[in-house]
Amino acid sequence: MKKLLIVTFLFICAQTSMAQTDPYIDSVKKYLTINGTQEQYEGAINSMFDMLKNRFKDYKIPEAIWNELEGDKKKHVEDVKAILVSAYKAYFTLNDIKNMIVFYESDAVKQMRADKAKLTDTQRQQIVNFYDSDTGLKMIASRDGLAKIEGEISQQWSGDLYKSVLNKLAEKGYSLN
């Protein structure tokens, strides 16, 4: 019995360890960081806190409490990125994600995002070539379906985050009711 428990424990530890270093998960999270998705979620969290601070302004909540609540921003963004991995897994292989990372790290995409008008002919051709590739064609074909799934995930995530922050404020004695 003792050996069975030890083997079970080791199996669980090994699975947990492997899950933490899954190249697919790591790659999608990297892609979500470089393609601007992480920045969008960080902005959404900042906007939510601005709105909450405005709604609770008459309560004179100390800045230390707001700082404490906002201290989990990075964790919340990592949480939503982890959830988004499943949406990408439905559409893209690990190789696709790696191709997307290379594309988004290219000077062509950096210039495109900064100022499309300043793209060189070579950069324009690199962008066209990517979107003509298998991965680029998958990105185009999956755009609507992926956007729908991402929207549903975002809505659920933001609602849960909002409720969580309201609950934490209520635990500290601040409630709108």
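Trainee: Is Glu68 buried, partly exposed or exposed?

Mentor: This is a predicted model, and we can read a residue's place from its relative accessible area. Values under 20% count as buried and those over 50% as exposed, with partly exposed in between. Glu68 comes to 47% relative accessibility, so Glu68 is partly exposed.

Trainee: Which side chain does Glu68 meet in a salt bridge?

Mentor: A salt bridge here needs a side-chain nitrogen of Lys or Arg within 4 Å of a carboxyl oxygen of Asp or Glu. Glu68 pairs with Lys172, at 3.0 Å from N to O. That pair joins distant parts of the chain: Glu68 sits in helix 4 and Lys172 in the segment after helix 9, 104 residues apart. Lys172 is partly exposed too, at 33%.

Trainee: Where in the chain are the partners Lys168 and Asp72?

Mentor: Their side chains form a salt bridge of 3.4 Å, N to O. Lys168 belongs to helix 9, while Asp72 lies in the loop between helix 4 and helix 5, 96 residues apart.

Trainee: Which residues are linked with Glu70 in a network of salt bridges?

Mentor: Lys53, Glu63 and Lys73 join Glu70 there. The Glu70 and Lys73 side chains meet at 3.2 Å, N to O. Glu70 has a relative accessible area of 16%, so Glu70 is buried, whereas Lys73, at 24%, is partly exposed.

Trainee: Where is the kink in helix 9 centred?

Mentor: Look at Arg143, where helix 9 kinks by about 55°. Buried residues of helix 9 include Met139, Leu146 and Trp157. Among the elements covering the buried residues of helix 9 are helix 2, helix 5 and helix 8.

Technical notes
Residues are numbered from 1 along each chain as its sequence is written. This is a predicted model: local features need pLDDT of at least 70, side-chain atom pairs count only at pLDDT 80 or more; totals for chains, interfaces and linings use all residues. Side-chain values use heavy atoms; hydrogens and water are left out. The bend at a residue is the angle between axes fitted to the seven residues ending there and the seven starting there. Helices (H or I, at least four residues) and strands (E, at least two) are DSSP runs, numbered from the N terminus. Buried means under 20% relative accessible area, exposed over 50%, partly exposed in between (1.4 Å probe, protein chains only). Contact means heavy atoms within 4.5 Å.
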